[in-house]
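Here is a short report on one protein chain. It starts with a cavity, then turns to a pocket, aromatic rings and backbone angles.

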Amino acid sequence: MSIITKDVLVIGAGAAGLMCAATAGYRGLSVAVVDMGKKAGRKILISGGGRCNFTNENAQPENYLCQNPHFVKSALSRYSAQDFIELVDRHGLNYHHKTLGQLFCDDSAQDIVDILMTECEWAGVEVKLRNEVLSVTKNDNGYLVTTTEATYQCNSLVVASGGLTMPKLGASPIGYKIAEQFGLKLLPTTAALVPFTLHDHDKQRFDGLSGISIATEVSSENGTSFKENILFTHRGLSGPAILQISSFWQAGQAITINLLPEQNVHDTINLWRAQQAQKSLKNLLATVLPKRFIDVLVDEKVIPEKAVNQLSHSEIDALSDYLHHWQIKPNGTEGYRTAEVTLGGVDTDELSSKTFESKQAKGLYFIGEVIDVTGWLGGYNFQFAWSSGVACGLAV
């Protein structure tokens, strides 16, 4: 097998890898991207319900989980959400804004992949798909990488292989293996931005609520909270608030859900007593929460079957406490199969925050999801992919 010489070889044709490759290619470097998948940008294509939430206008360092909270600052400040928006504007992408700063494609996530592939083409980058990495070795000229199709000699090797999420899309631990091979420390990995499963007794309680969504505020035991919807599923709980809190949850912990974050139950009941005293509590509660959910709480005797004017102070206190501080202990999560990202990975203390180069191995870089940086739900992870890709592409 003949050896192909490149200035830069990128492992992974995802968001970070393609962004890095195009950036490096525009600097006049010879760049190749290898990926074992049939398509480039597979996770991009299924993200945001197929419309790709490609960035968040509010992306700031505090929207990221990382052992070193300062690590993301440099890359995010040097290539911001506005910079990526300018890129897609130049390509004429049609997109729309959502309430929390998220930007989505109007048509299809394929548009984002097309933009990245066009940028790579313009920058002279070769993208080789169905091309699995078999081995990596360091030599006097940089790195020798053997794939199922070729052997590459490169000065700079960029690992943008992603995490362990969505194994059906070809997720692979190759990035972690390369990190370990060259002596970089790894932090434990776990599924994040992922639905919760419930214990059997809770599953039975909420059987029949699948598909019901409630606007809530969900808090973890460490005090982090998110105000968004929860969604009952056949297996447990999902929805934006649950996905967000899953990144802060640890096995065995409970989560606390405020089912009426915009109301004070005491005030609401006092108002009902003044205006609709004869009406039953359950019927009035069904005007502010889904009726099927209220029926479950009635069956469990959480909600007394009384008219509001018959409630005692202690009953009102108990109901207020329940609705504002509903505690539930998940059984676990749905795992990597449905998770959006992987928490943990290559320890950022091993990397330069400016260039993403390994401090141990000169010419070896790690970007995107493979490293210990996890964004909130809402376009933050894509923004870190773009930012880390550009920072690295300017440094290789």
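Helix H9 (residues 265–275) gives the most to the lining of the largest cavity, with 4 residues. Helices here are DSSP runs of H or I with at least four residues, strands are runs of E with at least two, and both are numbered from the N terminus. The model is predicted: local features need pLDDT of at least 70, side-chain atom pairs count only at pLDDT 80 or more, and totals for chains, interfaces and linings use all residues. Residues are numbered from 1 along each chain as its sequence is written, and side-chain values use heavy atoms, with hydrogens and water left out.

**Cavity and pocket**

The search of the whole structure finds 1 cavity of 30 Å³ or more. The largest cavity holds about 40 Å³ of space. Its lining consists of Leu260, Gln263, Val265, Thr268, Ile269, Trp272, Leu285 and Val288. By class, that lining has 6 nonpolar, 2 polar and no charged residues. Ala, Val, Leu, Ile, Met, Phe, Trp, Tyr, Cys and Pro count as nonpolar, Asp, Glu, Lys and Arg as charged, and the others, Gly among them, as polar.

Both kinds of space come from a 1 Å grid over the protein atoms alone. A cavity is a set of points where a 1.4 Å probe fits but cannot get out. A pocket is an open set with protein on both sides within 12 Å along at least five of seven lines. Lining residues have an atom within 4 Å of a point. Grid points are joined across faces, edges and corners, and a volume is the space filled by probe spheres set on the points.

The second largest pocket holds about 500 Å³ of space. It is lined by 20 residues, and Thr190, Ser247, Trp249, Gln250 and Leu343 lie nearest its centre. Strands E11 (186–192) and E19 (341–346) each supply at least two lining residues. E11 provides the largest share, 5 residues. The lining of this pocket divides into 9 nonpolar, 10 polar and 1 charged.

**Aromatic rings**

The structure holds 18 aromatic pairs. Two of them are set out below.

| Pair | Centre to centre | Angle between planes | Geometry |
|---|---|---|---|
| Tyr143 and Phe182 | 5.6 Å | 80° | edge-to-face |
| Phe196 and Trp249 | 5.0 Å | 65° | edge-to-face |

Rings of Phe, Tyr and Trp (its six-membered ring) pair if their centres lie within 6.5 Å; planes under 30 degrees apart count as stacked, over 60 as edge-to-face and the rest as tilted.

Tyr143 and Phe182 link distant parts of the chain, 39 residues apart. Tyr143 sits in strand E9 (residues 142–147), and Phe182 in the loop between helix H6 (174–181) and E11. Tyr143 counts as buried because its relative accessible area is 0%. Phe182 is also buried, at 16%. Buried means under 20% relative accessible area, exposed over 50%, and partly exposed in between (1.4 Å probe, protein chains only).

Phe196 and Trp249 are 53 residues apart. Phe196 is in strand E12 (residues 196–197), while Trp249 is in the loop between helix H8 (240–246) and strand E16 (255–258). Both residues are buried. Trp249 is also among the residues nearest the centre of the second largest pocket.

Which residues do ring pairs link into a cluster? They are Tyr64, Phe71, Phe226, Phe248, Phe356, Trp376, Tyr380 and Phe384. Phe384 is found in helix H13 (residues 380–393). It is buried, with a relative accessible area of 2%. Leaving out residues up to four places away in sequence, Phe384 touches Tyr64, Val72, Phe356, Gly368, Ile371, Val373 and Gly389. Contact means heavy atoms within 4.5 Å.

**Positive phi**

Phe356 has a phi near 70°, a positive value in a residue other than glycine. Phe356 lies in the loop between E19 and strand E20 (364–366). Is Phe356 buried or exposed? Phe356 is buried, with a relative accessible area of 0%.

Lys301 also has a positive phi, near 65°. Its place is in the loop between helix H11 (291–299) and helix H12 (313–324). Lys301 counts as exposed because its relative accessibility is 70%.

**The whole chain**

The secondary structure comes to 13 helices and 21 strands. Of the 396 residues, 54% count as buried. The C-alpha atoms fill a box of roughly 85 × 40 × 35 Å, taken along the principal axes.
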